[in-house]
Amino acid sequence: MIRHFLDLDQIEPNALRQILDQARQIKANPEDFRGLNGQTIALIFEKPSTRTRVSFEVGIRQLGGEAVVLTGAEMQLGRGETIGDTARVMSRFVDMMMIRTGDPHKLDELAAGATIPVINGLTNATHPCQVMADIMTVEERVGPAKGRTIAWVGDGENNVLNSLIQASAAFGFQLRIACPAELGPSRERITLAQAKGARISVGEDARQAVAEADAVVTDTWVSMHNTDAAHRHALLEPYRVNASLMQLAPPHAIFLHCLPAHRGEEVTDEVIDSAQSAVWDEAENRLHVQKAIMLWCLEHEDK
C-alpha cells in the first residue's frame, strides 16, 4: 500500500507518533540515517517557499537521495495535461513527490493518480509538515503533547490552525482558539476532530485562550491567497501577540510561529526575540520531521 502524507487526520496516531520519535532520533544522530539510498524526490512548488524548499532539499541530500525541484508553471500542472496524467508520468521518473500548492483538490488528484508516495508540503487548507514540527518543538521544550494546552491566537481560517485541529485529536492536547467571529475556523473540521476525541474551544478573547497555555501559536494575518488585507488587519488588530498577552500564560509557555513573521503585526519583537520564543527551533525541526516523514512514506511502498 502506498503511504501518502496528505493530512494528519488521514494517518493513524501511532504512525504520527512513530514519525515524531524517528525525527528526534534523526536530530540526535543525523549521520545514522541515509535511508533514501540514491532515490529521487520531486519537489513541486506552485507557491513560493523558503523553509519548505530548503528543509526538504537539504533533508533529501542528507538522507542520500536526489531532489528535482520544479515549479507549477514549468510543469503546466493542471493546464493542458491533467493532474492525474502528471501523476502517472512523474511516478515513472521519481520515487516520491512533495507538492506545495494552493488548491487542496490538486493535492488529492495528484495522490489519486500517483503510484508513488505524495507529501503535502502545504495547501490553502492544511500544513501538516509544519504542525508535526510544531508538536516536536512543544515536546522538546515543555514535555509530551498529551494533556498540554495549546492556544491559537489570530486568524481562524488559517491552514496551520486546520492541521493543529487535526493534531489535537491525534496527540491528545487541548486546543484553545481565539479569533474574530468573522474569521472563525471550519465548524465541520472541528466537529470531525471532536468526534475523534479532540478537546477544542473557540472564542474571541485572546486573554482567556492563553491563560494556562503551554504554547501560544499564531501566524500571519494575511496569507498568500487572501485578497482583503485591510479588512483582515482591522479585524485581527486585537489579536497581536505582545508581551502583555504572553505574560498571561505560565512562565514555561513557549511562543510558536511558522514564519515568515510580520513583526509588529501578529507578533511583536519583544515576543519573537524573547527567551519564550521557540520559533528558530521550530524552523529547524522542519528538517528533522520531514526527513522522518519521507522515510516513513517509503518504508512500505509497493513497487
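User: Leaving aside its neighbours within four places in sequence, which residues is threonine 126 in contact with?
Analyst: Threonine 126 is in contact with Leu6, Asp7, Asn120, Asn159, Asn162, Ser163, Gln166 and Arg189, where contact means heavy atoms within 4.5 Å. This is a predicted model, in which local features need pLDDT of at least 70 and side-chain atom pairs count only at pLDDT 80 or more, while totals for chains, interfaces and linings use all residues. Residues are numbered from 1 along each chain as its sequence is written, and side-chain values use heavy atoms, with hydrogens and water left out.

User: Where does threonine 126 lie, and is it buried or exposed?
Analyst: Threonine 126 lies in the loop between strand S4 (118-122) and helix H6 (128-142). Helices (H or I, at least four residues) and strands (E, at least two) are DSSP runs numbered from the N terminus. Threonine 126 has a relative accessible area of 2% and is therefore buried; buried means under 20%, exposed over 50% and partly exposed in between, with a 1.4 Å probe and protein chains only.

User: Which side chain does threonine 126 join in a polar contact?
Analyst: The partner is asparagine 120, and the polar contact between the two side chains is 3.1 Å. A polar contact is a pair of N or O atoms within 3.5 Å; within protein, one must be able to donate a hydrogen and the other to accept it, and residues adjacent in sequence count only if both atoms are side-chain atoms.

User: On to the helices. At what angle do H6 and H7 pack?
Analyst: H6 and H7 pack at about 55 degrees, with their axes 9 Å apart. Axes are lines fitted to C-alpha atoms, for helices over the stretch in contact, and angles run from 0 to 180 degrees between N-to-C directions. The two helices are therefore oblique to each other: angles under 35 degrees count as roughly parallel, over 145 as roughly antiparallel, 65 to 115 as roughly perpendicular and the rest as oblique.

User: Which residues of H6 and H7 make the contact?
Analyst: H6 contributes Pro128, Gln130, Val131, Met132, Asp134 and Ile135, and H7 contributes Val160, Ser163, Leu164, Ala167 and Phe171.

User: How do H1 and H6 pack?
Analyst: Helix H1 (residues 13-28) packs with H6 at an angle of about 65 degrees, and their axes are 11 Å apart. That angle is why H1 is roughly perpendicular to H6. The residues of H1 that make the contact include Leu16, Ile19 and Leu20, and those of H6 include Met132, Ile135 and Met136.

User: Now the sheets. In what order do the 5 strands of the open sheet run?
Analyst: The order is S7-S6-S5-S8-S9, with parallel pairing; two strands pair if DSSP finds at least two bridges between them. Strand S7 (199-203) and strand S9 (254-257) are the edge strands, each pairing on one side only. The twist from one strand to the next averages 20 degrees.

User: How many bridges join S6 to S7, and how many residues of S6 are buried?
Analyst: Strand S6 (residues 174-178) is joined to S7 by 5 bridges, and glutamine 174 stands opposite arginine 199 in S7. S6 has 4 of its 5 residues buried, so it is largely enclosed by the rest of the structure. On the other pairing, 5 bridges join S5 to S6, with tryptophan 152 as the bridge partner of isoleucine 177. Helix H7 (residues 159-171) lies across strand S5 (149-153), S6, S7 and strand S8 (215-218), at about 150 degrees to S6.

User: Which way do the residues of S9 point?
Analyst: Ile254 and Leu256 point one way and Phe255 and His257 the other, and all are buried. S9 is joined to S8 by 4 bridges.

User: What about the sheet of 4 strands?
Analyst: This open sheet has the order S2-S1-S3-S4 with parallel pairing, and its edge strands are strand S2 (66-71) and S4.

User: Last topic: which peptide bond is cis?
Analyst: The bond from leucine 259 to proline 260 is cis, with omega near 5 degrees. Leucine 259 also has a positive phi, near 70 degrees, and lies in the loop between S9 and H12. Most residues other than glycine have a negative phi, and most peptide bonds are trans.

User: Is leucine 259 buried or exposed?
Analyst: Leucine 259 is buried, with a relative accessible area of 11%. Asparagine 37, with a positive phi of about 45 degrees, is exposed at 62%.
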